[in-house]
Amino acid sequence: MIHWSHLTSPELGQHIDANSLALLVLGAIEQHGPHLPLATDLIIGEGLRDAAVQRVGEDVSVFALPSLALGASQEHSAMPGTLSLPPELVGRVIESVGESLSTAGLQRLVLLNAHGGNHAAIDSAALNVRRACGMLVVKANYMRLPTPDDILDARELREGLHGGQAETAMMLHLAPELVRQDRLSDFSLRPGAADEHGLFGPAGRAAWAWMAEDLNFEGVVGRADRATAGDGEKLIAHYGEQLARVIEHSARMPWPIDA
């Protein structure tokens, strides 16, 4: 992994070839209840980036861009500490980064997203960069990847979408000193907010628009009390392996299509 910001401008051109790709972590600075720090999504995103790149073949040239720490977090705006950008501004920043990468000669960009509120901005911006710059833009939202079979139960998979068992476990592995372990709890979803089939709910197939306080009065939901550092290590490795495969395919896919 080559850190983009560590190179000089002349050095950059010496490292770029047709299969080089840029990797951009998109996080958020937002409330994560009484037990997790505001930078949880950013820390997890960068942890997943590092785990993924360690598993990528040596023939793949990956440029790690400076992470976008602030995201679209309007669903958490009522809670102190949240720093939110409008989704359209997040999208425009992604587009501007894509334009700069294209000017530098890069034609492949992987967006590694660790915050659900960024989804809409990423979808729109990725297509705009493809259309305007002709780039391959890959939307790698880790929370949409297959989950391990042996860590999260059906309820947690359905309801634990913010500050729950998975995020807490990964933080216990990545930055245990930042987790307020005396505040871990079962942050239950409000009664009636979801069905047991995953059809209706805040993250269901038919999802309803929510503010964090609609889920639980503490702004988080899920079994944070079940989280362990060991499970967090397994989750980082699990998602890191999948993201590594995404990065490798992104670098090796023939591009442009008509080439």
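Which handedness, left-handed or right-handed, does the crossing of H3 and H4 have? The model behind the answer is a predicted one, in which local features need pLDDT of at least 70, side-chain atom pairs count only at pLDDT 80 or more, and totals for chains, interfaces and linings use all residues. Residues are numbered from 1 along each chain as its sequence is written, and side-chain values use heavy atoms, with hydrogens and water left out.

The crossing of H3 and H4 turns out to be right-handed, a label used when the near helix is turned clockwise from the far one by less than a right angle, left-handed being the anticlockwise case. Helices (H or I, at least four residues) and strands (E, at least two) are DSSP runs, numbered from the N terminus. The axes of H3 (residues 87-104) and H4 (residues 119-133) come within 8 Å and cross at roughly 30 degrees. That makes the two helices roughly parallel (angles under 35 degrees count as such). Axes here are lines fitted to C-alpha atoms over the stretch in contact, with angles running from 0 to 180 degrees between N-to-C directions. On the H3 side, the residues that meet H4 include Pro87, Val90, Gly91 and Ile94, while H4 brings in Ala121, Ile122 and Ala125, among others; contact means heavy atoms within 4.5 Å.

Now to the strands. S2 (residues 21-26) is mostly covered, with six of its six residues buried (under 20% relative accessible area, 1.4 Å probe, protein chains only). Leu21, Leu23 and Val25 are buried on one side, and Ala22, Leu24 and Leu26 on the other. Ala22 sits opposite Phe63 in S3 and has Leu109 as its bridge partner in S4. Together with H2 (residues 40-54), S2 and S3 make a right-handed β-α-β unit, meaning that, with the strands pointing away from the viewer, the path from the first strand over the helix to the second runs clockwise.

Ser67 lies in the loop between S3 and H3. Its C-alpha atom is 7.5 Å from that of Gly27, 40 residues away along the chain. Neighbours within four places in sequence aside, Ser67 touches Val25, Leu42, Glu46 and Arg49.

Finally, H6 (residues 165-174) has eight of its ten residues buried, so it is largely enclosed by the rest of the structure. Among the buried ones are Ala166, Met170 and Leu172, and the cover includes H2, H5 (154-159), S9 (222-223) and H8 (229-252).

Key:
Buried < 20%, exposed > 50% of the residue type's maximum accessible area, 1.4 Å probe, protein only. Pairing = 2+ DSSP bridges. Parallel < 35°, antiparallel > 145°, perpendicular 65-115°, else oblique.
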